[in-house]
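The sequence and the model are shown here.

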Amino acid sequence: MPLDQSFVGRSYPPTEPYEVSREKIREFAEAIGDDSPAYTRPEAARELGHPDVIAPPTFVFLVSYRAAFDVVQDPKLGLDYSRVVHTEQRFTYERPLRAGDRLSVTSTIEAIKSLKGNEMVTVRGELHDESGAHVATAYTKLVARSADEAPAGEGDR
């Protein structure tokens with residue numbers, strides 16, 4: 001059953017603030033193998049014009065994915081999350097995320113498309129700091145495979 005197109009444009013309440021810490025930034029940079037000193041040394045970040053260490057660009061995902069998950073778990077939307085595949089992720093920035101930021105995410109369903117029984121949902125997450133300033137936007141595209149698809153391996157005989 002196709003998803004309800006009336007959900008396009010629907011926004012969800014802002015999340016509780018997520019506090020970006022130096023330690024989380026350091027751990028994230030280490031996990032992705034980026035050894036830029038701007039992620040671990042405040043003086044290196046200040047030399048680049050930032051008040052404290054900054055986060056790698058993809059750190060936005062760490063802050064935004066839970067908000068997108070809350071949207072797709074909305075029972076009224078009716079998306080079968082057991083069939084979901086994450087297909088695309090992109091970000092836009094007003095400025096880098098930095099240690100000390102307290103960020104809230106407001107999610108909006110930007111698009112719903114049906115294609116050959118598969119349901120595609122794009123969620124836009126707007127990150128704002130405590131002053132209300134826009135910091136970044138995360139775009140998450142998910143595809144819920146058709147329930148009519150045969151499991152992998154079946155039908156190959």
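Helices (H or I, at least four residues) and strands (E, at least two) are DSSP runs, numbered from the N terminus. The model is predicted: local features need pLDDT of at least 70 and side-chain atom pairs count only at pLDDT 80 or more, while totals for chains, interfaces and linings use all residues. Residue numbers start from 1 along each chain as its sequence is written, and side-chain values use heavy atoms, with hydrogens and water left out.

**Overall layout**

- The protein chain has three helices and five strands, in the order β-α-α-α-β-β-β-β along the sequence.
- Along the principal axes, the C-alpha atoms fill a box of roughly 60 × 40 × 20 Å.
- Contact means heavy atoms within 4.5 Å. Of the contacts between residues at least 6 apart in sequence, 69% join residues at least 24 apart.

**Surface and charge**

- Of the 157 residues in the protein chain, 39% are buried; buried means under 20% relative accessible area, exposed over 50%, and partly exposed in between (1.4 Å probe, protein chains only).
- The accessible surface (Shrake-Rupley method, 1.4 Å probe) comes to about 9100 Å², and 50% of it belongs to carbon and sulfur atoms.
- The chain carries 19 positive and 26 negative charges, whose mean positions are 2 Å apart. Lys and Arg count as positive and Asp and Glu as negative, without His and the chain ends; each charge is placed at NZ of Lys, CZ of Arg, CG of Asp or CD of Glu.

**Phe28**

- Phe28 is found in helix α1, which spans residues 22-32.
- The relative accessible area of Phe28 is 17%, so this residue is buried.
- Beyond its neighbours within four places in sequence, Phe28 is in contact with Pro56, Thr58, Phe59 and Leu62.
- Leu97 is 69 residues from Phe28 in sequence and 13 Å from Phe28 in space, C-alpha to C-alpha.

**Nonpolar cores**

- A nonpolar core is a set of buried Ala, Val, Leu, Ile, Met, Phe, Trp, Tyr and Cys residues joined through side-chain atoms within 4.5 Å.
- The largest core has 23 residues, and those touching the most other members are Ile25, Phe59, Val60, Val63, Leu97, Leu103 and Leu127.
- At least two residues of this core come from each of α1, α3 (59-72), β3 (102-115) and β5 (134-144); α3 gives the largest share, four residues.
- Another core, of 15 residues, lies apart from this one and includes Val72, Val84, Leu142 and Ala144.
- Leaving aside neighbours within four places in sequence, the contacts of Leu127 include Val60, Val63, Leu97, Leu103 and Val135.
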